[in-house]
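Please examine the following structure with its sequence at hand.

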Amino acid sequence: MLGGRGVRKRQKRLMALRLTAVSSIPNHWMLALVLGLALAIRLSFFLPHYQASDVLKSYAPAGHQILTGEYQPGAEYDYVWFSPIRLGVVVPVAALTELFGYSLPHLSIYPLICSILTLLFVYGIGLRLERQFPHAALLSVLFAALYPLLVTQAPQMLPDTPRTLFATAAVYFFVRSR
């Protein structure tokens, strides 16, 4: 029995040392590391030819109409993918086209930024909900950073990534207000 207690005490001391070693790294550096990892993973999934069809058929023409002043809300359009609900995609396409010209790599900047901002809001939610254990926020960001759907859709100009950002931001501001 005596040997069993001694082993347990050593295991507890080792666990405390491991937690101290992880805890000694400030959370903002750990967050920067996770965000860097998330960005690297998302950039590795950058496939401009994969997303070209939706952008060329619907978002780019609608963005061009906004830039030229020809856009009319509620009008029927020939392309089926566009609806007024997707203005969260079409307006940034118009802005990016105005800034950089039309190119698929430049149009992927907006969803990539939305994906990284989503991770920051997840971190904020984790900090607000679990103040006694701030590593829970880092763990939640790590899970979100590695979530396959968020990773593969991050560099694609689809409405899902901005919608995820806005929903996560809404949850963050709700939790923050309490």
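**A guided reading of the model**

R178 lies in the segment that follows α9. At 74% relative accessibility, R178 counts as exposed; exposed means over 50% relative accessible area, buried under 20%, and partly exposed in between, with a 1.4 Å probe and protein chains only. R178 and R128 are 50 residues apart along the chain, and their C-alpha atoms are separated by 9.5 Å.

The model is a predicted one, in which local features need pLDDT of at least 70 and side-chain atom pairs count only at pLDDT 80 or more, while totals for chains, interfaces and linings use all residues. Residues are numbered from 1 along each chain as its sequence is written, and side-chain values use heavy atoms, with hydrogens and water left out.

The chain has nine helices and zero strands, and its pattern along the sequence is α-α-α-α-α-α-α-α-α. Helices (H or I, at least four residues) and strands (E, at least two) are DSSP runs, numbered from the N terminus. Of the contacts in the chain with a separation of 6 or more, 74% are between residues 24 or more positions apart; a contact means heavy atoms within 4.5 Å. Of the 178 residues, 35% count as buried.

The interior can be considered next. In soluble globular proteins, nonpolar side chains tend to be buried together. The largest nonpolar core here has 15 residues, of which Y59, V93 and M157 touch the most other members. The elements giving two or more residues to this core are α3 (48–68), α4 (87–100), α6 (109–129) and α9. A second, separate core of 13 residues includes L35, I116, V122 and Y123. A nonpolar core is a set of buried Ala, Val, Leu, Ile, Met, Phe, Trp, Tyr and Cys residues joined through side-chain atoms within 4.5 Å. Leaving aside neighbours within four places in sequence, V93 is in contact with Y59, A60, L107 and M157.

Which charged residues pair? The structure holds one salt bridge, formed by D160 and R163, whose closest N and O atoms are 2.2 Å apart. A salt bridge is a side-chain nitrogen of Lys or Arg within 4 Å of a carboxyl oxygen of Asp or Glu. D160 and R163 are separated by about one helical turn because they are three residues apart in helix α9 (residues 160–177). D160 is partly exposed at 23% relative accessibility, whereas R163 is exposed, with a relative accessible area of 52%.

R42, in helix α2 (residues 27–44), is buried yet has no salt bridge. The nearest side chain of opposite charge, D160, is 13 Å away from R42; Lys and Arg count as positive and Asp and Glu as negative, and His and the chain ends are not counted. Not counting residues up to four places away in sequence, R42 touches residues including L112, I116, L119, L150 and V151.

Y147 is placed in the loop between α7 (135–146) and α8 (148–153) and is partly exposed, with a relative accessible area of 46%. Y147 and A38 are 109 residues apart in sequence, yet 9.8 Å apart in space, C-alpha to C-alpha.

L117, in helix α6, is partly exposed at 36%.
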